[in-house]
Amino acid sequence: MTVPPPPTEPDAPVRDPGAQPERTRLAWRRTTLSFAIVAVLAVRLALHQEGSAAAAVGAALGLLALVAFLAVAQRRIRAVDRPAPEVQDVRVAVGAAACVAALALFGAVMVL
């Protein structure tokens, strides 16, 4: 027994994915790679600063921000592959922005 396709509205546009999902996926991967490079360099800088406890905590927080950003990016990469991707949730956008802000703050503290 086959399941009939879901009803569609007559005015609903047919999604032609074209290259847009691929461009979006590549943009997220490029951003994730840049984030990872910056996080690793910041952690490396933190570990070379006399081994203080503050540097170790900062390095751990930088790596935690990286892991959180990876989770957000992976979720968005998977969402783009769907035939009708959902609109990005505001919490996801705020989470990604918070990860970037945390890494920028960590970098600023390490430079000072």
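Predicted model: local features only at pLDDT ≥ 70, side-chain atom pairs only at ≥ 80, totals over all residues.
Visitor: What makes Phe 35 count as buried?

Guide: The relative accessibility of Phe 35 is 6%, and buried means under 20% relative accessible area, so Phe 35 counts as buried.

Visitor: Which residues have the most contacts inside the largest nonpolar core?

Guide: They are Trp 28, Phe 35 and Phe 69, in a core of 19 residues. The elements that give two or more residues to this core are α1 (20–47), α2 (53–80) and α3 (90–111), and the largest share, eight residues, comes from α2. As a general background, nonpolar side chains in soluble globular proteins tend to be buried together.

Visitor: Which residues does Phe 69 touch, not counting residues up to four places away in sequence?

Guide: Phe 69 touches Trp 28, Thr 31, Thr 32, Phe 35, Ala 96, Cys 99 and Val 100.

Visitor: How many aromatic pairs does a search of the whole structure find?

Guide: The search finds two aromatic pairs.

Visitor: Why is the pair of Phe 35 and Phe 69 called stacked?

Guide: The ring centres of Phe 35 and Phe 69 are 4.5 Å apart and their planes stand at 5°; because planes under 30 degrees apart count as stacked, the pair is stacked. Phe 35 lies in helix α1 and Phe 69 in helix α2, so this pair ties together parts 34 residues apart in sequence. Ring pairs link Trp 28, Phe 35 and Phe 69 into a cluster.

Visitor: What makes the contact between Arg 91 and Asp 89 a salt bridge?

Guide: The closest N and O atoms of Arg 91 and Asp 89 are 2.8 Å apart, and the rule asks for a distance within 4 Å, so the two residues form a salt bridge. The count by this rule comes to one.

Visitor: Why is Arg 91 called exposed, and why does Asp 89 count as partly exposed?

Guide: Arg 91 has 68% relative accessibility, and exposed means over 50%, so Arg 91 counts as exposed. Asp 89 has 26% relative accessibility, which falls between the limits of 20% and 50%, and therefore Asp 89 counts as partly exposed.

Definitions and conventions: Residues numbered from 1 in each chain as written. Heavy atoms only, no water. Core = buried A, V, L, I, M, F, W, Y, C linked by side-chain atoms within 4.5 Å. Buried < 20%, exposed > 50% of the residue type's maximum accessible area, 1.4 Å probe, protein only. Helix = DSSP H or I, 4+ residues; strand = E, 2+ residues; numbered from the N terminus. Contact = heavy atoms within 4.5 Å. Phe/Tyr/Trp six-rings, centres within 6.5 Å; stacked < 30°, edge-to-face > 60°. Salt bridge = Lys/Arg side-chain N within 4 Å of Asp/Glu carboxyl O.
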